[in-house]
Structures are given as C-alpha cells and as structure tokens.
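Here are my notes from going through this one. Have the model open while you read.

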Amino acid sequence: GPTRHGAPPTIDLLNRSLLAISSRRFRSAMPGSCLSVWDLLPDSLVLAAVALVCYASTQFPSVPGGDSGELIAAACSVDGYGIPHPPGYPLHTMLARLMISALPVGTIAARVTFLSGICSALAAA
C-alpha cells in the first residue's frame, strides 16, 4: 500500500536510495575538492539498477494509452522502420525495433514499454 506520504512503495524506495547515495557522496567531498565522474559511477549504476527494478515491477503489461500503440506499431512495421505521426521519433522507433528483436520474452508491447524503463533508468543515473 501507499506510504504515509501517499507514494507507492517502489517510488518511496527510489527516493530513499537517491537520498542515501547523494548525501553519502556529498558528505565525503572535502571543501574545495571536486568529485569526478568516475567517483560517482558506482553509485550511478546502483541508482540505475534500482530505478530499473522499480520501473519493471510497475510497468504496464500491455499497450498503454496515448501514443504508445502508434509507436509500437511503427516499430513492428514490415520494414522495421515505420513512421508514426510527426516528428516521427526515429531513434525511439529504431531502438524499439532492436528491443523487439533482441528480447524474446513477453509481448511486443511489454518489450517496447521495457525500453522506456531502460531509458528512464539511464536518465536517473
């Protein structure tokens, strides 16, 4: 059920992980020093993994509403490069086609929806 703030448990877990990672890193930095990207990489990977688990556990199992059906259909077109309405989302269409081919588990809609989870997890990192 929801936590005391009304957020689902997976979102609450993600928020707590973000807070723990960021506060530990910023407390360990000395005044005047600078953290490099390599210092933050392990924490970023953990954060991406937590975000991906949260997303995968709550992802929509079929075709979600909005433009999702059109984008999934474009990725499933015969030539593999269908064009949804403008602007066309070419990168998403190509990545979705790759995901459909590379991940032989679940429905096509679930595979493309999982692609959105992967992109979101990488953005969170």
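1. The chain comes to 5 helices and 0 strands, with helices (H or I, at least four residues) and strands (E, at least two) taken as DSSP runs numbered from the N terminus. Mind that this is a predicted model, where local features need pLDDT of at least 70, side-chain atom pairs count only at pLDDT 80 or more, and totals for chains, interfaces and linings use all residues. Residues are numbered from 1 along each chain as its sequence is written, and side-chain values use heavy atoms, with hydrogens and water left out.

2. Of the 125 residues, 26% count as buried, meaning under 20% relative accessible area, against over 50% for exposed and in between for partly exposed (1.4 Å probe, protein chains only).

3. Helix 4 has 13 residues that should span 18 Å at 1.5 Å a residue, and the end C-alpha atoms are 18 Å apart, which agrees. The expected span is 1.5 Å times one less than the number of residues.

4. Thr93, Ala96, Met99 and Ile100 are the buried residues of helix 4. They sit on the same side of helix 4, because they cover an arc of only 125° around the axis, taken from the directions from the helix axis to the C-beta atoms. They pack against helix 3 (68–75) and helix 5 (108–124); contact means heavy atoms within 4.5 Å.

5. On the other side of helix 4, the exposed residues are Pro90, Leu91, Leu98, Ser101 and Ala102. Leu98 counts as exposed because its relative accessibility is 53%.
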